[in-house]
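Keep the model open while you work through the steps.

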Amino acid sequence: ASNTGLPLTLMVEAFAFNCGDHAGGNWTDHDGSGIYSFVVPAGEYAVQARPDHNPLLNYLPEYWKGQGQDGVNTCQEAGKVIVPLEGDVSVDFVLDPGAIIRGRVVMEGTGPDYDGIENIHVQIKSDKCWQGVQLSQADTDSKGYFEIKGLPEADVYVYACAECNQENYVSQWYDAGSGTRDCSNALKVIPVIGTPTDLNPMELEPGREIHGHVSGIGVEKIHISVHDWDTGEHLGWTNPAPDGHFTVKGLGQPQSSGYRVYLNSGSSFYLWEEYPAQVAPWQTGVDFVPEKGGRVQGTVYGDSGPLAEVEISAFAPGCGYHLSGTRTAGDGSFSLVAPVGDINLWAWPDSNPDIEYRSQYWTSTGGTLNCMDAEVLTVELEQTISGKDFNLNPKIIVPGDFDRDEDVDGKDLSEYIGQISSTGSAVTLEEMAANFGFAAP
(Lines give C-alpha, C1' and ligand atoms only; values in the text may rest on other atoms or scores of the structure.)
Protein backbone atom coordinates (compact mmCIF):
# COMPACT_ATOMS: atom_id res chain seq x y z
CA ALA A 1 0.00 0.00 0.00
CA SER A 2 1.14 3.53 -0.53
CA ASN A 3 0.35 7.16 0.15
CA THR A 4 1.36 10.36 -1.60
CA GLY A 5 5.00 11.06 -1.03
CA LEU A 6 6.08 13.11 1.98
CA PRO A 7 9.58 14.44 2.53
CA LEU A 8 9.95 12.70 5.91
CA THR A 9 8.80 9.41 7.38
CA LEU A 10 5.57 8.92 9.29
CA MET A 11 3.79 6.04 10.99
CA VAL A 12 0.76 4.24 9.52
CA GLU A 13 -1.20 1.91 11.82
CA ALA A 14 -4.07 -0.56 11.54
CA PHE A 15 -6.69 -1.24 14.22
CA ALA A 16 -9.43 -3.84 14.36
CA PHE A 17 -12.47 -2.21 12.74
CA ASN A 18 -14.91 -0.25 14.93
CA CYS A 19 -12.26 1.10 17.32
CA GLY A 20 -10.68 -2.23 18.17
CA ASP A 21 -7.19 -3.26 19.23
CA HIS A 22 -3.96 -2.26 17.50
CA ALA A 23 -3.11 -4.84 14.83
CA GLY A 24 0.06 -3.60 13.15
CA GLY A 25 1.87 -0.71 11.55
CA ASN A 26 5.07 0.59 10.01
CA TRP A 27 6.94 3.76 9.07
CA THR A 28 6.91 5.02 5.51
CA ASP A 29 10.10 4.42 3.56
CA HIS A 30 13.05 6.68 4.39
CA ASP A 31 13.56 7.66 0.74
CA GLY A 32 10.75 10.23 1.00
CA SER A 33 8.49 8.30 -1.39
CA GLY A 34 5.71 7.96 1.19
CA ILE A 35 5.45 4.22 0.45
CA TYR A 36 4.61 1.94 3.38
CA SER A 37 3.71 -1.70 3.83
CA PHE A 38 3.04 -4.06 6.72
CA VAL A 39 1.41 -7.43 7.33
CA VAL A 40 -1.74 -8.06 9.38
CA PRO A 41 -3.97 -11.14 9.73
CA ALA A 42 -6.85 -11.39 7.28
CA GLY A 43 -9.76 -9.35 8.63
CA GLU A 44 -11.47 -5.97 8.83
CA TYR A 45 -9.50 -2.88 9.86
CA ALA A 46 -9.43 0.87 10.28
CA VAL A 47 -6.16 2.40 9.03
CA GLN A 48 -4.69 5.63 10.38
CA ALA A 49 -1.83 7.84 9.14
CA ARG A 50 0.08 9.26 12.13
CA PRO A 51 2.36 12.15 11.10
CA ASP A 52 2.18 13.31 14.73
CA HIS A 53 4.64 10.52 15.58
CA ASN A 54 7.28 12.58 13.78
CA PRO A 55 7.63 16.06 15.36
CA LEU A 56 9.24 17.42 12.17
CA LEU A 57 6.07 16.89 10.13
CA ASN A 58 3.28 19.46 10.00
CA TYR A 59 0.36 17.37 8.74
CA LEU A 60 -2.92 16.31 10.33
CA PRO A 61 -3.40 12.67 11.35
CA GLU A 62 -6.41 10.98 9.80
CA TYR A 63 -8.23 7.70 9.37
CA TRP A 64 -8.83 6.35 5.87
CA LYS A 65 -12.48 6.77 4.86
CA GLY A 66 -12.46 5.38 1.34
CA GLN A 67 -10.46 5.55 -1.85
CA GLY A 68 -10.67 9.10 -3.23
CA GLN A 69 -12.49 10.39 -0.13
CA ASP A 70 -11.28 12.87 2.48
CA GLY A 71 -9.89 11.32 5.64
CA VAL A 72 -11.76 11.47 8.97
CA ASN A 73 -10.71 12.25 12.54
CA THR A 74 -12.11 9.36 14.58
CA CYS A 75 -12.10 5.57 14.47
CA GLN A 76 -15.92 5.62 14.63
CA GLU A 77 -16.01 7.40 11.24
CA ALA A 78 -13.28 5.33 9.58
CA GLY A 79 -13.92 3.31 6.45
CA LYS A 80 -13.60 -0.46 6.57
CA VAL A 81 -10.46 -1.98 5.03
CA ILE A 82 -10.98 -5.67 4.27
CA VAL A 83 -7.68 -7.58 4.08
CA PRO A 84 -8.00 -11.00 2.39
CA LEU A 85 -5.78 -13.98 3.17
CA GLU A 86 -2.49 -13.62 1.25
CA GLY A 87 -3.86 -10.56 -0.52
CA ASP A 88 -2.68 -6.97 -0.92
CA VAL A 89 -4.81 -3.91 -0.24
CA SER A 90 -3.92 -0.36 -1.35
CA VAL A 91 -4.79 2.32 1.21
CA ASP A 92 -3.71 5.78 0.04
CA PHE A 93 -3.71 9.02 2.02
CA VAL A 94 -3.53 12.66 0.95
CA LEU A 95 -2.80 14.49 4.21
CA ASP A 96 -3.83 18.06 4.98
CA PRO A 97 -1.30 20.56 6.41
CA GLY A 98 -1.57 21.36 10.10
CA ALA A 99 -1.21 24.42 12.30
CA ILE A 100 1.67 25.22 14.67
CA ILE A 101 1.72 26.39 18.31
CA ARG A 102 4.98 27.72 19.80
CA GLY A 103 5.82 28.85 23.31
CA ARG A 104 8.11 28.65 26.30
CA VAL A 105 7.97 27.23 29.82
CA VAL A 106 9.95 29.20 32.41
CA MET A 107 10.64 29.28 36.11
CA GLU A 108 8.30 31.43 38.15
CA GLY A 109 9.56 34.85 39.24
CA THR A 110 12.85 34.81 37.29
CA GLY A 111 12.35 38.28 35.79
CA PRO A 112 12.22 39.58 32.23
CA ASP A 113 14.98 37.31 30.93
CA TYR A 114 13.46 34.15 32.44
CA ASP A 115 15.11 30.82 33.16
CA GLY A 116 13.68 28.24 30.79
CA ILE A 117 12.76 24.79 32.13
CA GLU A 118 13.90 21.77 30.14
CA ASN A 119 11.97 18.51 29.68
CA ILE A 120 8.46 19.77 30.49
CA HIS A 121 5.89 17.72 28.56
CA VAL A 122 3.56 20.19 26.81
CA GLN A 123 0.25 18.70 25.71
CA ILE A 124 -2.36 20.02 23.26
CA LYS A 125 -5.87 18.92 24.25
CA SER A 126 -9.25 19.20 22.56
CA ASP A 127 -10.91 20.31 25.80
CA LYS A 128 -9.97 21.43 29.30
CA CYS A 129 -10.35 19.69 32.66
CA TRP A 130 -9.60 16.21 31.28
CA GLN A 131 -12.78 16.10 29.21
CA GLY A 132 -11.16 16.00 25.77
CA VAL A 133 -8.48 13.95 24.04
CA GLN A 134 -4.80 14.70 23.61
CA LEU A 135 -4.09 15.87 20.08
CA SER A 136 -0.31 16.26 20.18
CA GLN A 137 2.63 16.90 22.50
CA ALA A 138 6.28 17.90 22.73
CA ASP A 139 8.97 18.29 25.39
CA THR A 140 10.65 21.63 26.02
CA ASP A 141 14.27 22.06 24.92
CA SER A 142 17.24 23.13 27.07
CA LYS A 143 15.96 26.73 27.14
CA GLY A 144 12.31 25.89 27.75
CA TYR A 145 11.04 26.39 24.20
CA PHE A 146 8.57 24.09 22.46
CA GLU A 147 6.97 23.88 19.02
CA ILE A 148 4.05 21.57 18.28
CA LYS A 149 2.99 20.89 14.69
CA GLY A 150 0.19 19.05 12.93
CA LEU A 151 -2.68 20.71 14.83
CA PRO A 152 -6.23 21.26 13.61
CA GLU A 153 -7.56 24.76 13.03
CA ALA A 154 -9.94 24.43 16.01
CA ASP A 155 -10.28 25.27 19.70
CA VAL A 156 -7.47 23.64 21.69
CA TYR A 157 -6.04 23.91 25.22
CA VAL A 158 -2.41 23.82 26.28
CA TYR A 159 -1.16 21.99 29.40
CA ALA A 160 2.42 22.10 30.67
CA CYS A 161 2.69 18.71 32.39
CA ALA A 162 5.72 18.64 34.69
CA GLU A 163 4.78 15.37 36.40
CA CYS A 164 4.60 13.59 33.04
CA ASN A 165 8.42 13.62 32.93
CA GLN A 166 8.87 13.54 36.73
CA GLU A 167 10.07 17.15 36.88
CA ASN A 168 9.55 18.84 40.25
CA TYR A 169 7.46 21.81 39.12
CA VAL A 170 3.74 22.52 39.43
CA SER A 171 1.91 21.80 36.17
CA GLN A 172 -0.12 24.62 34.62
CA TRP A 173 -2.82 25.26 32.02
CA TYR A 174 -2.27 28.10 29.57
CA ASP A 175 -4.35 31.21 30.36
CA ALA A 176 -2.46 33.93 28.40
CA GLY A 177 -0.97 35.04 31.72
CA SER A 178 1.59 33.14 33.76
CA GLY A 179 -0.52 29.95 33.76
CA THR A 180 -3.16 28.49 36.06
CA ARG A 181 -3.55 25.33 38.14
CA ASP A 182 -7.34 25.63 37.83
CA CYS A 183 -8.31 23.88 34.60
CA SER A 184 -11.63 25.73 34.47
CA ASN A 185 -9.64 28.93 33.88
CA ALA A 186 -7.70 27.50 30.95
CA LEU A 187 -7.89 29.71 27.85
CA LYS A 188 -8.77 28.21 24.48
CA VAL A 189 -6.26 28.75 21.69
CA ILE A 190 -7.24 28.66 18.01
CA PRO A 191 -4.17 27.92 15.86
CA VAL A 192 -4.26 29.06 12.23
CA ILE A 193 -2.86 27.01 9.37
CA GLY A 194 -0.08 28.92 7.63
CA THR A 195 0.81 31.24 10.54
CA PRO A 196 2.42 29.88 13.75
CA THR A 197 0.58 30.82 16.97
CA ASP A 198 3.00 32.19 19.58
CA LEU A 199 1.98 31.91 23.22
CA ASN A 200 3.02 33.94 26.24
CA PRO A 201 5.53 32.18 28.55
CA MET A 202 4.03 29.79 31.08
CA GLU A 203 5.60 30.21 34.55
CA LEU A 204 5.92 27.11 36.73
CA GLU A 205 6.60 27.28 40.46
CA PRO A 206 8.91 24.74 42.13
CA GLY A 207 6.96 21.73 43.41
CA ARG A 208 6.75 19.82 46.64
CA GLU A 209 7.17 16.07 47.12
CA ILE A 210 5.84 13.15 49.13
CA HIS A 211 7.47 9.74 49.48
CA GLY A 212 6.13 6.28 50.25
CA HIS A 213 6.13 2.57 49.53
CA VAL A 214 3.66 0.00 48.18
CA SER A 215 4.10 -3.61 49.32
CA GLY A 216 3.53 -6.42 46.83
CA ILE A 217 4.55 -7.92 43.50
CA GLY A 218 3.85 -6.04 40.28
CA VAL A 219 3.14 -2.78 42.10
CA GLU A 220 4.82 -0.76 39.31
CA LYS A 221 1.49 -1.09 37.47
CA ILE A 222 -0.29 0.83 40.23
CA HIS A 223 -1.12 4.53 39.92
CA ILE A 224 -0.57 6.84 42.94
CA SER A 225 -2.50 10.11 42.77
CA VAL A 226 -2.42 13.15 45.07
CA HIS A 227 -5.29 15.61 45.62
CA ASP A 228 -5.93 18.67 47.74
CA TRP A 229 -7.46 17.56 51.05
CA ASP A 230 -10.27 20.14 50.98
CA THR A 231 -11.03 20.80 47.32
CA GLY A 232 -10.20 17.41 45.78
CA GLU A 233 -8.13 19.15 43.08
CA HIS A 234 -5.78 16.72 41.34
CA LEU A 235 -2.19 17.80 42.04
CA GLY A 236 0.08 14.99 40.84
CA TRP A 237 0.64 11.30 40.23
CA THR A 238 3.27 8.62 39.70
CA ASN A 239 3.80 4.87 39.36
CA PRO A 240 5.84 3.06 42.03
CA ALA A 241 9.18 1.53 41.10
CA PRO A 242 9.30 -2.31 40.88
CA ASP A 243 10.59 -2.37 44.49
CA GLY A 244 7.47 -0.42 45.57
CA HIS A 245 9.08 2.93 46.43
CA PHE A 246 7.50 6.07 44.98
CA THR A 247 7.99 9.83 44.97
CA VAL A 248 5.26 12.16 43.74
CA LYS A 249 6.85 15.41 42.56
CA GLY A 250 5.55 18.74 41.33
CA LEU A 251 2.88 19.14 44.01
CA GLY A 252 1.37 22.58 44.53
CA GLN A 253 0.82 24.13 47.93
CA PRO A 254 -2.44 22.65 49.28
CA GLN A 255 -5.22 25.09 50.12
CA SER A 256 -5.57 23.29 53.46
CA SER A 257 -2.68 21.84 55.41
CA GLY A 258 -2.27 18.68 53.38
CA TYR A 259 -3.11 16.18 50.67
CA ARG A 260 -5.30 13.14 50.06
CA VAL A 261 -3.38 10.24 48.54
CA TYR A 262 -5.03 7.43 46.57
CA LEU A 263 -3.75 4.09 45.35
CA ASN A 264 -5.46 3.37 42.03
CA SER A 265 -5.47 -0.05 40.38
CA GLY A 266 -3.85 1.05 37.11
CA SER A 267 -3.24 -2.09 35.07
CA SER A 268 -2.70 -4.24 38.18
CA PHE A 269 -5.10 -6.45 40.13
CA TYR A 270 -4.70 -4.38 43.30
CA LEU A 271 -7.80 -2.76 44.77
CA TRP A 272 -8.31 1.00 45.04
CA GLU A 273 -7.36 2.39 48.43
CA GLU A 274 -7.20 5.79 50.16
CA TYR A 275 -4.38 6.61 52.56
CA PRO A 276 -6.05 6.84 55.99
CA ALA A 277 -4.64 10.22 57.06
CA GLN A 278 -3.91 13.69 55.74
CA VAL A 279 -0.44 13.92 54.17
CA ALA A 280 1.76 17.01 54.54
CA PRO A 281 4.14 18.39 51.88
CA TRP A 282 7.55 16.62 51.96
CA GLN A 283 6.13 13.82 54.13
CA THR A 284 7.75 10.38 53.97
CA GLY A 285 6.35 7.01 55.00
CA VAL A 286 3.15 7.21 52.94
CA ASP A 287 2.92 3.43 52.77
CA PHE A 288 0.29 1.05 51.38
CA VAL A 289 -0.27 -2.70 51.79
CA PRO A 290 -3.00 -3.24 49.18
CA GLU A 291 -5.17 -6.30 48.60
CA LYS A 292 -5.69 -7.97 45.25
CA GLY A 293 -8.92 -8.74 43.47
CA GLY A 294 -10.03 -9.63 39.96
CA ARG A 295 -10.95 -7.58 36.91
CA VAL A 296 -14.23 -7.10 35.02
CA GLN A 297 -14.12 -5.62 31.51
CA GLY A 298 -16.68 -4.53 28.97
CA THR A 299 -18.01 -1.64 26.90
CA VAL A 300 -21.00 0.67 27.40
CA TYR A 301 -23.09 1.43 24.31
CA GLY A 302 -26.01 3.71 23.55
CA ASP A 303 -28.03 3.86 20.37
CA SER A 304 -25.44 6.35 19.04
CA GLY A 305 -22.42 4.12 19.74
CA PRO A 306 -19.92 3.77 22.62
CA LEU A 307 -20.45 6.08 25.63
CA ALA A 308 -17.54 7.79 27.42
CA GLU A 309 -17.41 8.96 31.05
CA VAL A 310 -20.08 6.54 32.29
CA GLU A 311 -19.54 5.52 35.91
CA ILE A 312 -19.22 1.75 36.40
CA SER A 313 -19.58 0.37 39.93
CA ALA A 314 -19.42 -3.01 41.64
CA PHE A 315 -21.91 -3.60 44.47
CA ALA A 316 -22.45 -6.44 46.91
CA PRO A 317 -25.31 -8.59 45.54
CA GLY A 318 -28.92 -7.92 46.46
CA CYS A 319 -28.75 -4.10 46.59
CA GLY A 320 -25.68 -4.23 48.81
CA TYR A 321 -22.91 -1.72 49.51
CA HIS A 322 -20.53 -0.12 47.02
CA LEU A 323 -17.28 -2.07 46.50
CA SER A 324 -15.31 -0.31 43.74
CA GLY A 325 -15.75 1.85 40.67
CA THR A 326 -14.28 3.33 37.50
CA ARG A 327 -15.39 5.27 34.40
CA THR A 328 -15.54 4.33 30.75
CA ALA A 329 -12.81 5.54 28.42
CA GLY A 330 -13.34 7.55 25.23
CA ASP A 331 -14.18 4.36 23.31
CA GLY A 332 -16.78 3.31 25.90
CA SER A 333 -14.62 0.54 27.38
CA PHE A 334 -14.09 -0.08 31.08
CA SER A 335 -11.82 -2.26 33.19
CA LEU A 336 -12.81 -2.48 36.85
CA VAL A 337 -10.92 -4.17 39.68
CA ALA A 338 -13.32 -5.64 42.25
CA PRO A 339 -12.88 -7.71 45.43
CA VAL A 340 -12.87 -11.49 45.17
CA GLY A 341 -16.40 -12.88 45.47
CA ASP A 342 -19.87 -12.18 44.10
CA ILE A 343 -20.79 -8.74 42.76
CA ASN A 344 -23.48 -6.88 40.83
CA LEU A 345 -22.31 -4.49 38.10
CA TRP A 346 -23.97 -1.11 37.57
CA ALA A 347 -23.63 1.53 34.82
CA TRP A 348 -24.56 5.07 35.87
CA PRO A 349 -24.50 7.55 32.95
CA ASP A 350 -25.81 10.39 35.15
CA SER A 351 -22.17 10.96 36.14
CA ASN A 352 -21.83 12.59 32.70
CA PRO A 353 -24.44 15.37 32.25
CA ASP A 354 -24.02 15.21 28.47
CA ILE A 355 -25.41 11.67 28.30
CA GLU A 356 -29.18 11.17 28.24
CA TYR A 357 -29.35 7.46 28.99
CA ARG A 358 -30.84 5.41 31.81
CA SER A 359 -28.85 3.65 34.53
CA GLN A 360 -28.74 -0.11 34.39
CA TYR A 361 -27.59 -3.16 36.33
CA TRP A 362 -25.88 -5.80 34.22
CA THR A 363 -27.65 -9.01 33.21
CA SER A 364 -26.83 -11.43 30.42
CA THR A 365 -30.29 -10.78 28.94
CA GLY A 366 -30.02 -7.01 28.50
CA GLY A 367 -29.90 -5.27 31.87
CA THR A 368 -32.37 -4.17 34.56
CA LEU A 369 -33.21 -1.11 36.63
CA ASN A 370 -33.95 -3.24 39.69
CA CYS A 371 -30.94 -4.13 41.84
CA MET A 372 -32.76 -7.27 43.08
CA ASP A 373 -32.87 -8.57 39.50
CA ALA A 374 -29.19 -7.88 38.78
CA GLU A 375 -27.18 -10.91 37.69
CA VAL A 376 -24.36 -12.05 39.96
CA LEU A 377 -20.80 -12.12 38.64
CA THR A 378 -18.18 -14.13 40.53
CA VAL A 379 -14.79 -12.41 40.68
CA GLU A 380 -11.77 -14.67 41.12
CA LEU A 381 -8.31 -13.67 42.33
CA GLU A 382 -6.16 -12.20 39.53
CA GLN A 383 -8.60 -13.38 36.86
CA THR A 384 -10.34 -11.23 34.24
CA ILE A 385 -14.01 -11.47 33.26
CA SER A 386 -14.47 -9.98 29.79
CA GLY A 387 -17.38 -9.07 27.57
CA LYS A 388 -19.71 -7.63 30.23
CA ASP A 389 -21.19 -5.01 27.94
CA PHE A 390 -24.08 -2.64 28.59
CA ASN A 391 -26.57 -1.40 25.99
CA LEU A 392 -28.25 1.55 27.68
CA ASN A 393 -31.68 2.87 26.79
CA PRO A 394 -32.30 6.59 26.22
CA LYS A 395 -34.06 8.49 28.98
CA ILE A 396 -37.76 9.15 28.43
CA ILE A 397 -38.45 12.87 28.61
CA VAL A 398 -41.81 13.70 30.20
CA PRO A 399 -43.04 17.30 29.75
CA GLY A 400 -43.57 19.34 32.90
CA ASP A 401 -42.60 18.88 36.54
CA PHE A 402 -44.68 16.46 38.56
CA ASP A 403 -44.75 14.06 41.47
CA ARG A 404 -46.82 10.92 41.99
CA ASP A 405 -49.86 12.85 43.22
CA GLU A 406 -50.06 15.27 40.27
CA ASP A 407 -51.47 15.01 36.78
CA VAL A 408 -49.33 15.36 33.67
CA ASP A 409 -50.92 17.33 30.85
CA GLY A 410 -54.35 16.45 32.25
CA LYS A 411 -53.64 12.70 32.55
CA ASP A 412 -53.01 10.72 35.70
CA LEU A 413 -49.77 8.74 35.85
CA SER A 414 -51.26 5.37 34.97
CA GLU A 415 -52.85 6.83 31.84
CA TYR A 416 -49.58 8.55 30.90
CA ILE A 417 -47.63 5.30 31.36
CA GLY A 418 -50.13 3.57 29.10
CA GLN A 419 -49.56 6.21 26.45
CA ILE A 420 -45.78 5.69 26.59
CA SER A 421 -46.21 1.92 26.50
CA SER A 422 -48.36 2.18 23.37
CA THR A 423 -45.33 3.53 21.50
CA GLY A 424 -43.64 0.16 21.90
CA SER A 425 -41.46 1.02 24.90
CA ALA A 426 -43.02 -0.52 27.99
CA VAL A 427 -42.35 1.53 31.11
CA THR A 428 -43.29 0.71 34.70
CA LEU A 429 -43.97 3.21 37.45
CA GLU A 430 -40.76 2.09 39.15
CA GLU A 431 -38.78 2.85 36.00
CA MET A 432 -40.37 6.28 35.76
CA ALA A 433 -39.56 6.90 39.41
CA ALA A 434 -35.92 5.97 38.81
CA ASN A 435 -35.67 8.37 35.87
CA PHE A 436 -37.83 11.30 36.95
CA GLY A 437 -36.97 11.59 40.63
CA PHE A 438 -40.29 10.88 42.42
CA ALA A 439 -41.04 8.14 44.93
CA ALA A 440 -42.89 5.15 43.50
CA PRO A 441 -45.64 3.76 45.77
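A residue counts as buried under 20% relative accessible area, as exposed over 50%, and as partly exposed in between. Please bear in mind that this model is predicted.

**Exercise 1.** Find the salt-bridge partner of K292 and decide whether K292 is buried, exposed or partly exposed.

Solution. Step one: K292 pairs with E382, and their closest N and O atoms are 3.5 Å apart. Step two: K292 sits in the loop between β20 (286–288) and β21 (294–302), while E382 belongs to the loop between β28 (377–379) and β29 (384–385), so this pair links distant parts of the chain, 90 residues apart. Step three: K292 has a relative accessible area of 26%, which makes this lysine partly exposed. E382, at 36%, is partly exposed as well.

**Exercise 2.** Explain which parts of the chain the salt bridge between K80 and E44 ties together.

Solution. Begin with the contact: the closest N and O atoms of K80 and E44 are 3.6 Å apart. Next, place the residues: K80 lies in the loop between β4 (62–63) and β5 (81–83) and E44 in strand β3 (residues 43–50), so the bridge ties together parts 36 residues apart in sequence. Finally, check accessibility: K80 is partly exposed at 40%, and E44 is partly exposed at 41%.

**Exercise 3.** Locate the strands that hold R102 and D198.

Solution. The two residues form a salt bridge with closest N and O atoms 2.7 Å apart. R102 is in strand β6 (residues 99–107) and D198 in strand β12 (residues 197–198), 96 residues apart. With 30% relative accessibility, R102 is partly exposed.

Technical notes:
Residues numbered from 1 in each chain as written. Predicted model: local features only at pLDDT ≥ 70, side-chain atom pairs only at ≥ 80, totals over all residues. Heavy atoms only, no water. Salt bridge = Lys/Arg side-chain N within 4 Å of Asp/Glu carboxyl O. Helix = DSSP H or I, 4+ residues; strand = E, 2+ residues; numbered from the N terminus. Buried < 20%, exposed > 50% of the residue type's maximum accessible area, 1.4 Å probe, protein only.
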